[in-house]
Amino acid sequence: MDVKEQITKAVDKITRDKSLQEQFKKDPVKALENVLGVDLPDDIINQVVQGVKASLTADKISDSVDALKGFLKK
């Protein structure tokens, strides 16, 4: 199983769905199993959870930096 591919798939779905975002905050393992449609072994699901969290955090930081750049240009 390609963990990186699963992370990308999960991030894409979670970022587009507010209810999935809330579920991911409360129970990331359950949210990912719902998004991916499979029950993954603990070692793999934990890698995917960490990757999704890192990606979502990086996206938020990127959005904040972009907003700040836009503000500073005014």
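Me: At what angle do the axes of helix α1 (residues 3-15) and helix α3 (residues 28-36) cross?

Reply: This is a predicted model, where local features need pLDDT of at least 70, side-chain atom pairs count only at 80 or more, and totals for chains, interfaces and linings use all residues. Residues are numbered from 1 along each chain as its sequence is written, and side-chain values use heavy atoms, without hydrogens and water. The helices are DSSP runs (H or I, at least four residues), numbered from the N terminus, and their axes are lines fitted to C-alpha atoms over the stretch in contact, with angles from 0 to 180 degrees between N-to-C directions. The axes of α1 and α3 come within 10 Å, and they cross at roughly 95°.

Me: How are α1 and α3 oriented to each other, and which residues of α3 make the contact?

Reply: Angles under 35 degrees count as roughly parallel, over 145 as roughly antiparallel, 65 to 115 as roughly perpendicular and the rest as oblique; α1 and α3 are therefore roughly perpendicular. Contact means heavy atoms within 4.5 Å. On the α1 side it involves Gln6, Lys9, Ala10, Lys13 and Ile14, and on the α3 side Leu32, Val35 and Leu36.

Me: How do α1 and α2 lie relative to each other?

Reply: Their axes are 6 Å apart, and the helices pack at an angle of about 120°. Lys13, Ile14 and Thr15 of α1 meet Leu20, Gln21 and Phe24 of α2. The two helices are therefore oblique.

Me: Which element has the highest mean pLDDT?

Reply: pLDDT is the predictor's confidence in each residue, from 0 to 100. Across the chain its mean is 76, and 76% of the residues reach 70 or more. Helix α4 (residues 42-73) has the lowest mean, 67. With a mean of 89, the highest belongs to helix α2 (residues 18-26).

Me: Is proline 28 buried or exposed?

Reply: Proline 28 lies in helix α3. Buried means under 20% relative accessible area, exposed over 50%, and partly exposed in between (1.4 Å probe, protein chains only). At 18%, proline 28 is buried.

Me: Which residues does proline 28 contact, leaving aside neighbours within four places in sequence?

Reply: Valine 52 is 24 residues away in sequence, with a C-alpha to C-alpha distance of 9.2 Å from proline 28. Beyond those four places, the contacts of proline 28 are Gln23, Val49 and Lys53.

Me: What share of the chain's residues is buried?

Reply: The chain has 4 helices and 0 strands. Of its 74 residues, the buried share is 28%.
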